[in-house]
Amino acid sequence: MAFPLLFTLILLLSFRTRLSLADPRATQAALICTNTSAAPSDRQVFVANFLAAIDTVTTQVAARGYGGAVNGSGNATVYAFGECMKDLSRNDCDQCFAQIKTQILRCLPFQRLIRGGRLFYDGCYIRYDDYMFFNESLSAVNRTVCGSVNFGGNKTLFGENVVDLVRNLSVQAQKNDGFFVAPVTTGNLSVYGLAQCWEFVNGSGCGHCLANAASRIGSCLSMEEGRVLNSGCYMRYSTSKFYDNSSTDTTSGKRGGNRLAVILAATSAGVAFLLIAATMSFFARKKRVKKRRERKQLGALLVTVNNSKLNFSYETLERATNYFSNSNKLGQGGSGSVYKGILPDGQVVAVKRLFFNTRQWVDHFFNEVNLISGIHHKNLVKLLGCSITGPESLLVYEFVANQSVHDHLFGFKKDVQQPLTLEERYKIILGTAEGLAYLHEESNLRIIHRDIKLSNVLLDDDFSPKIADFGLARLFPEDKTHISTAIAGTLGYMAPEYIVRGKLTEKADVYSFGVLVMEVVSGKKNISFSQNAHSILQMVWNLYGLGTLCEAVDPSLQGKFEEEEARKLLQIGLLCVQASAELRPSMSMVVKMLKDNHEIPQPTQPPFLTAASAESSQCAQSRTSHSQPESYNTHSSGNNISESFIEPR
């Protein structure tokens, strides 16, 4: 509750301090907050840097009428700038800036910290951002603000006067250190104007900004007043004389006597102090609560890890990866970044730094350590250990030299190496199938991976596959036919019954494996959820119906493959992606079919096909010897997953 109360207090204070003995022109012309927000981990530091920067700018504005400051480093750096109009007296400048700096806090909502904002008053200006903008003259958020009262006299003459005025302002201000005030009078019709470039904008930038302002302010010609609020300058015209041309020296003037300015300055400083104190307290408490929750979730696992051979010291892994140098970075996934490391005994390892910006990181860590550390298979990446006591949680795996299948088919490996032969692709498919069969049926635990895809299948020196990333894995109870769980995985690889009903069985992995088989053989990505593009399932199913499956094989092989072997692999892939989970084979059965130890049945239609495609496929099949069961129908389709899900009648 501290933040809303403080925010309300700031607003009330700023509204109540609008009274003035002089005219600081503390009238808001526009408040512009940027759309980017700070990461949760940066917010505490960013707020502190923001307040420190505004404090510095306030001191400079009080001394010379303008100021700029840079505070902090890295992603939490804050750039701030403020300036008064040069016709204001020192007292009016102090009052205007005391009010504007409290109002810019409206760009700092406490649930979503905005990383940039600018506020235009008619007497002063303030801006903060996360990049160096001091010499910026124009930007995408420049504003033209027209008055609300229509001019009631000779509109033609009035328009001509405004045009002459703003042209004169744009030329003369550039010649006069970026500031100029002037009236234009024809008969009894007068128009008054002011133009000012911000202090840190250079000469050419000032001229460009003012010329832009003069051209854009023409959209307000029917109104008694208009303003252009650019990144580098301010321009205004009005039928009323709003400026003070008796003295344009903001560096001199009487400094005493105005208690209101002193009160405003003291109030602003007090509010700023309360804000930073409350912010620090909020984030510190939030961090403590999070730590307690995470420790509770880890529970007995913490004790187990600390007392086992799995435990690595954080410092050892930090040194092994050269302090997580970018040159050692192997890649990044949804759950963390992976680095190559060399342990003190010379062993090469892969170290994953888990992301803390998701609620699932503890589950991910638990899965990897508690489920996978106890199982071993030649086609599963081996977990060597972890670190849990340092500033972040780390997982240590065996190093797999050739990176992922995705890298070889679609990444940088594709450009530096010969394409994978069909024999190598068969080896990848068979090894992945054996690894999944082990997880599902042969290990002491019944485990569903839930995220089988090309980037999670790594290749060792002889191109043997190893399944990696068990962060989404689920233990499958022996006495259950299925489990219901929140949807997690990668679109395009997830089985229809899992997407639509949250029903999870081993057959969800079988479906993902089928998609992977088609990607590996065809050298194409599955894009079943992209508009105006057919998925691999649709392409292979259509070719199967036409009896031309070999047309799906990766063209980079240039026909150098055994056609019967290619047809067999694609037909097995189709069996694995059948719409009905019950009709998909088990992974142990897939291994037998791959090894020619079992007959390969005819597949039924996959899910997620368009109605037109299904009809054309059925027509094609009626012209061939392939017969299909009639117990499937295609619902109205498109890209909506639930609508295109095919179920048995």
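1. A disulfide here is a pair of cysteine sulfur atoms within 2.5 Å. With that cut-off, this predicted model holds six disulfides. Count the bonded cysteines along the chain and the pattern reads 1-5, 2-3, 4-6, 7-11, 8-9, 10-12.

2. Some overall numbers before the details. The protein has 18 helices and 21 strands, and 52% of its 649 residues are buried. Its accessible surface comes to about 29400 Å², with 52% of that belonging to carbon and sulfur atoms. Of the contacts with a separation of 6 or more, 68% are between residues 24 or more positions apart.

3. Take the Cys33 to Cys107 disulfide, with S to S at 1.8 Å. The torsion about its S-S bond is about -90 degrees, so this disulfide is left-handed. Cys33 sits in strand E1 (residues 28–33), while Cys107 is in the loop between helix H3 (90–103) and strand E4 (117–121), so the bond ties together parts that are 74 residues apart in sequence. As for cover, Cys33 is partly exposed at 31% relative accessible area, whereas Cys107 is buried at 0%.

4. Cys96 lies in H3 and Cys124 in strand E5, so the pair ties together parts that are 28 residues apart in sequence. The link is left-handed, with -85 degrees about the S-S bond. Are these two cysteines, Cys96 and Cys124, buried or exposed? Both are buried.

5. Next is Cys146 to Cys220, with S to S at 1.9 Å. This link is left-handed too, at -80 degrees about the S-S bond. Distant parts of the chain are linked here: Cys146 is in strand E6 (residues 143–146) and Cys220 in the loop between helix H5 (203–216) and strand E9 (225–229), 74 residues apart. Cys146 is partly exposed, with a relative accessible area of 33%, but Cys220 is buried, at 0%.

6. Strand E3 (residues 78–84) deserves a look: seven of its seven residues are buried. In a regular strand the side chains alternate between the two faces of the sheet. Here Val78, Ala80, Gly82 and Cys84 point one way and Tyr79, Phe81 and Glu83 the other, and all are buried. Glu83 is on that list, so it counts as under 20% relative accessible area.

7. Now the packing. The largest nonpolar core has 75 residues, and Phe50, Tyr128, Met235 and Tyr237 have the most contacts inside it. Helix H2 (residues 40–64) gives the most to this core, with eight residues. Why does the core lie between domain 1 (28–129) and domain 2 (143–238)? Both domains give residues to it.

8. Leaving aside neighbours within four places in sequence, its contacts include Val166, Leu169, Leu194, Leu210, Ile217 and Val228, along with Ser170 and Arg227. Apart from this core lies another, of 69 residues, among them Ile429, Ala508, Leu537 and Leu609.

Technical notes:
Residues are numbered from 1 along each chain as its sequence is written. This is a predicted model: local features need pLDDT of at least 70, side-chain atom pairs count only at pLDDT 80 or more; totals for chains, interfaces and linings use all residues. Side-chain values use heavy atoms; hydrogens and water are left out. Buried means under 20% relative accessible area, exposed over 50%, partly exposed in between (1.4 Å probe, protein chains only). Helices (H or I, at least four residues) and strands (E, at least two) are DSSP runs, numbered from the N terminus. A nonpolar core is a set of buried Ala, Val, Leu, Ile, Met, Phe, Trp, Tyr and Cys residues joined through side-chain atoms within 4.5 Å. Domain bounds come from an automatic or database domain assignment. Contact means heavy atoms within 4.5 Å. Accessible areas come from the Shrake-Rupley method with a 1.4 Å probe; for residues, only the protein chains shown count as cover.
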